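Morning, everyone. Please look at the model on the screen while I walk through its domains and its cores.

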Amino acid sequence: MRLLLVEDDADLRETIARALELAGHRTDALASGEEADAALRGGGYDLVVLDLGLPDIDGLDLLRRVRGRRDATPILILTARDAIDDRIAGLRAGADDYLVKPFALGELEARVEAIRRRLSGTVVRLANGPLEFDPETRQAFIDGRLLDLSLRETDVLEALISRVGEVLQKARLAQQMSNWDREVATNSVEVYVSRLRRKLAPHAVSIRTIHGLGYLMEHHGDG
C-alpha cells in the first residue's frame with residue numbers, strides 16, 4: 001500500500017516510516033498538517049497515519065477538513081491523548097482507527113493491515129494445523145480454544161504464522177515487539193520465542209531456530 005505518515009517528531013517519524021517500509025508499504029512522511037493536506041489533495045494514498053499534535057494545525061481539524069471534502073481515504077490516528085472523550089471525538093470526526101502512544105510497532109503494523117483487510121473484504125484467520133490466529137482481534141486458538149498468550153508472545157506468533165515456512169530474522173522480530181520509545185533487545189526475542197514454543201509444542205506446532213539467521217514456524221505435519 002501507499003501510505004502517508006504525518007508526524008512532527010523527527011525521530012518517531014523516521015522510526016515509524018522505516019517500520020512501515022520494512023512491512024512492505026511505500027511511505028511518504030511529512031511533519032505538518034498543511035503539507036499533508038496538500039499531499040492528500042493530490043490523491044493516490046491508500047491510508048493515512050495521522051498524529052494529532054501537529055505544529056501548525058490540530059490533527060482533528062485536518063481530519064475534519066479531509067472528510068469535509070468527501071475524501072474517504074482511511075485514517076489511523078496516533079496520539080498521546082488517551083481520554084475516552086478524545087477517542088470518541090476522533091472517531092466521530094471520521095477516523096477509521098485510533099492508536100494511543102506509546103505503542104508497539106508491531107501493533108501499528110497490525111492495525112494498518114487490519115484496515116487494509118476490512119477495505120478489501122478479506123478478513124480471515126491465519127491457520128497452521130490446529131493453530132489459528134485472528135489478525136483482527138489478535139487472538140490465537142488451538143482446536144477452537146483460546147490460547148493464553150502475553151502481548152509479546154502474540155507479537156511473535158503473528159509474525160511467524162503470517163510467514164509459515166519462512167525464516168524471520170531475530171532483529172525483525174525485535175523491531176515488531178518494540179515500542180517507539182522503548183526497544184526490545186534482540187536477545188530478549190529468544191525468551192519470548194521459547195515461551196511461545198512451549199505453549200505450542202503439545203499441539204505439534206513447531207518453531208525452529210535457524211542458527212545465525214532467525215526463526216521459522218514449520219508447516220504443521222512437517223518434520
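Buried area first: that is the accessible area (1.4 Å probe) that two parts lose on being put together, summed over both. This is a predicted model: local features need pLDDT of at least 70, side-chain atom pairs count only at pLDDT 80 or more, and totals for chains, interfaces and linings use all residues. Numbering runs from 1 along each chain as its sequence is written, and side-chain values use heavy atoms, without hydrogens or water.

The chain splits into domain 1 (2-120) and domain 2 (126-217). Those bounds come from an automatic or database domain assignment. The two centres, over C-alpha atoms, are 27 Å apart.

How much area is buried between domain 1 and domain 2? About 1300 Å², with 53% from carbon and sulfur atoms.

Now the cores. A nonpolar core joins buried (under 20% relative accessible area, 1.4 Å probe, protein chains only) Ala, Val, Leu, Ile, Met, Phe, Trp, Tyr and Cys residues through side-chain atoms within 4.5 Å. The largest has 26 residues, and L157 is among those with the most contacts inside it. Beyond four places in sequence, L157 touches residues including L131, F133 and M217. Another core, of 22 residues, lies apart, with L4 and Y98 among them.

Conventions
Buried means under 20% relative accessible area, exposed over 50%, partly exposed in between (1.4 Å probe, protein chains only). Contact means heavy atoms within 4.5 Å.
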